[in-house]
Structures are given as C-alpha cells and as structure tokens.
Amino acid sequence: MSHRLLLQRPPQQLVAFTARNSSRARFGTSSYQWFQRFLNAKEEQQLYKSLTQVFRDRLNDKTSHSEQSYSNIIDHVIFGTQHTPSPWSSLQDTLSPPHENTKLTLAKLEAFTRDIDDAGRTNDTTKLDALWVEIQQAGQQVPTTMYNRLLRAYLQDKDLERGILRAESVIKTMLDNQKRLPTTRTCTYMMQAYLRRQKMGDARRYATMMQQFSLTKLRTSFDCGIMLQFLAQSGDAHAIDILWQGVLRHKDMIQPTPALYTTYVEWLVTQPTHALNKDTMRPHHHLPPSTFATRLVDTTRSLLELKKPQKSSVWIQHRVSIWLQVAQQLTNSDHCILAEQLLLHLEHVVDETTTQHPSATRQGTEAIQHLLYTYLLQAQDLKVVAFYVRLRQSGVKQDVFGTDLVKTISDIVDRVRRGSLSLDQQALMDEYGCVSQA
C-alpha cells in the first residue's frame with residue numbers, strides 16, 4: 001500500500017510555469033518521472049521494504065508525533081544521511097538522529113512559528129540565529145514548512161544581502177546535512193529575494209532547482225507571481241503565456257489575487273517593441289497582436305469575476321495606474337463595455353484612505369472621457385447617459401467630465417425625453433435627474 005501511495009498522482013491539477021517547446025519535456029509532469037530519474041528497480045524494492053518496516057514500527061509507537069511525520073519519513077528514506085554510504089541503508093539511524101533526545105511537541109512547534117514571525121517582523125537576526133540552532137537540534141521532527149518560515153524571516157532583514165547569506169546557509173544545511181527536500185516555496189522565496197537585487201543568475205539557479213526536484217507545478221498565487229516576474233525579466237513570452245493560461249484555467253484552486261492579475265497585465269501592456277533581453281542579449285519574444293487582445297480581454301473578465309469586490313488597500317496607486325492603461329487599451333480595441341465595467345470596478349474597490357480614486361487622477365479622468373467620447377462617436381447616446389449615471393452614483397464628481405461633456409450629455413437627455421420611452425429608458429432618465437442635482 002505504501003508503494004502505491006508513493007506513486008499515486010496528486011489529486012489536484014497543478015500549474016507548470018514553462019512551455020514544452022521541444023520534443024523532450026523540460027519539466028516533469030508526472031510523479032513517475034521523479035522515481036525514474038533517481039531509483040532503479042532494485043533500489044525501489046528496497047525502499048518499499050524499508051518503508052513498510054518503518055510504518056509498522058510507527059504503528060506500535062503510541063506517543064505523539066508531528067503531523068509532518070509521513071513527509072519526513074519519505075524524505076529520510078529517499079535521501080538518507082551524511083553518515084550512510086548508501087541512501088537506502090541504515091534506515092532506522094536516519095529516522096532517529098542521535099541528537100533528537102526529546103520529542104518535539106505541537107506546542108513547541110507553535111512557539112517556533114510565533115517566535116520566528118515576531119523576530120522577522122522586528123528584524124531581530126540574533127533571535128533568528130538562536131531559533132535556527134534550536135531547529136537544527138530538533139532535527140527531522142521539524143517540518144520543512146518551518147524552514148521556509150525561517151527563510152522568509154531572514155529575507156525580511158533590512159540588510160537584504162545579510163539576510164540572503166543566512167538564508168543560503170539554511171538551504172545548504174537542508175540539502176547537504178539533513179538531505180531534506182526543498183519545496184516550491186523554498187525556491188520562490190529565494191527567487192523573490194534575488195529578483196529584488198536584480199540578480200537573475202542566482203534567481204535562475206533556484207528556477208533550475210525547481211526543475212530538478214519536479215517542483216514546477218505551482219498551486220498558489222504567490223508562487224505564480226514570483227514565477228511571472230522571473231519569466232518577464234527573462235523575456236520568455238511563450239512561457240508566460242503557458243503559465244497564465246494555467247492560472248486562469250485553475251483559478252478556483254490558485255485563487256489569484258489582484259496583485260497577480262496586475263503583474264501579468266503590467267507585462268502585457270508594457271512589452272517593448274524592439275527591446276533586447278539584457279540577460280541574454282537576444283530579442284524578447286512577444287505575443288502576436290491577436291493573442292495580445294484575447295489575453296487582455298480574458299484577464300480583465302477574470303479579474304471582474306473575483307468574488308465580492310470590496311474596498312481594499314491592496315489597490316495601491318501603481319496597480320490602479322496599470323489597470324487604467326488596460327481600460328484605455330480595451331476602449332481602443334472596441335471592447336467598450338468591458339472597459340466601462342473595469343472603470344466602475346476600480347471606483348468601487350479602491351480604498352480612498354490609502355489611494356486616490358481613479359477619477360481623481362489625470363489618468364483616470366482621461367480614461368473616463370475617452371470612453372464617453374468613443375460612445376458618442378458610435379452614436380451610443382443611451383450608453384453615454386448610463387455610464388455617466390453609474391459613475392456619478394459611484395461618487396465621481398461632475399467636474400471630472402468637463403463642461404463640454406456635461407452639456408453634451410444634458411442635450412442627449414433632453415432629446416431622448418422628447419421621444420417615446422420604454423420603462424428602462426424612463427428609469428434611466430429618472431436616475432439621471434437624481435445624480436445631476438446632487
């Protein structure tokens with residue numbers, strides 16, 4: 001049974017961050033491939049027998065264990081320890097290192113979590129160093145997620161270079177001394193730190209590590225965002241496109257945030273025309289115009305489908321500015337209704353205590369007026385009035401529209417009222433009357 005569990009595919013579809021652009025897949029897409037690269041038939045059988053014995057021993061042990069025991073057993077059996085000549089021998093020694101004299105309680109793990117987070121927030125590297133010593137003494141009882149938490153705390157150091165050095169030391173201990181598998185988050189934390197320092201070579205080193213350990217299936221918004229940043233700086237438009245299509249396809253699982261959507265569309269709308277990738281000195285690969293338009297529309301629709309859009313501080317000025325550019329692009333490409341929905345969405349979600357309302361900025365005013373004039377050119381009089389009413393109901397001030405535009409809208413309303421009105425048109429005229437007097 002243990003053997004079958006090891007080879008069972010994950011229950012969820014995960015997102016691979018790169019394209020298969022050759023006849024041989026660059027990234028593992030099956031759980032079988034991992035074992036094919038590391039185990040031969042004899043070693044696999046020995047692994048199965050060792051695991052069976054260990055699990056039997058564990059069933060007889062009535063004491064409390066970390067909820068990560070199963071994961072740690074797998075890690076130990078596969079990688080062994082420094083002192084074993086073969087990774088498949090001396091399994092019991094591997095699972096019970098000499099320095100693990102006391103069992104780690106759940107309360108102690110929770111204390112580690114609190115202390116690491118507090119030390120990271122206060123930039124207390126001395127405390128973090130002391131916690132790191134304790135974690136090493138606890139050995140394999142500490143889950144890998146705790147190591148990732150420690151990495152994040154070190155990388156919050158105001159002296160980022162110092163934090164990176166300490167984080168690298170933690171990872172070296174994980175891989176070399178403990179033979180512990182890294183996780184996707186281990187790599188993305190380090191990639192984020194190196195991207196902030198504009199060190200693409202080091203960031204690529206961890207992207208390569210993700211390939212080697214078959215960690216390229218991304219399941220969280222954070223990991224996808226870091227990979228998008230890496231691929232954008234690498235200039236690999238094809239890989240970005242593959243990644244983003246996967247994000248949209250599995251958005252119920254990944255739950256992309258406004259920040260992730262913004263990361264993608266910022267790359268999409270600011271692609272240089274004839275730029276060189278400064279890392280490879282080769283031209284960037286761009287999306288064809290038709291693909292660009294499709295991706296812009298699909299991404300905007302997906303953003304607008306986020307559940308319960310509420311005012312939030314995540315909508316910082318930079319993100320608002322990027323989406324106002326998107327609204328202009330949508331208007332220019334004759335997706336006016338979608339542009340209108342986006343502009344109204346921004347007015348609803350921006351928290352005015354931290355960020356200016358889009359309509360209060362020059363860029364936002366231009367986007368609104370551009371869409372209204374486009375409707376006028378298309379002789380869409382009722383859409384002009386309806387958009388004006390919705391904006392005013394959202395709190396947009398009248399001076400945003402300009403004197404000429406306000407007069408034009410007033411003339412449209414007078415002309416419409418002289419005709420025969422449907423119930424919907426009459427309701428719209430009544431709403432206009434209310435907002436024009438406000």
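One aromatic cluster is formed by Trp244, Tyr261, Tyr264 and Trp267. The model is predicted, with local features requiring pLDDT of at least 70 and side-chain atom pairs counted only at pLDDT 80 or more, whereas totals for chains, interfaces and linings use all residues. Residues are numbered from 1 along each chain as its sequence is written, and side-chain values use heavy atoms, with hydrogens and water left out.

Across the whole structure, a search finds eight aromatic pairs. Rings of Phe, Tyr and Trp (its six-membered ring) pair if their centres lie within 6.5 Å; planes under 30 degrees apart count as stacked, over 60 as edge-to-face and the rest as tilted. The pair of Tyr194 and Tyr206 is stacked, at 6.3 Å centre to centre and with 20° between the planes. Tyr194 belongs to helix 10 (residues 184-196) and Tyr206 to helix 11 (residues 200-212), so this pair ties together parts that are twelve residues apart in sequence. Helices here are DSSP runs (H or I, at least four residues), numbered from the N terminus. Tyr194 is buried, with a relative accessible area of 5%, and Tyr206 is buried at 1%; buried means under 20% relative accessible area (1.4 Å probe, protein chains only), exposed over 50% and partly exposed in between.

The rings of Trp244 and Tyr261 have centres 5.7 Å apart and planes at 80°, so this pair is edge-to-face. Trp244 in helix 13 (residues 237-249) and Tyr261 in helix 15 (residues 258-269) are 17 residues apart, and their pair links distant parts of the chain. Relative accessibility is 0% for Trp244, which is buried, and 0% for Tyr261, also buried.

Notes:
Helix = DSSP H or I, 4+ residues; strand = E, 2+ residues; numbered from the N terminus.
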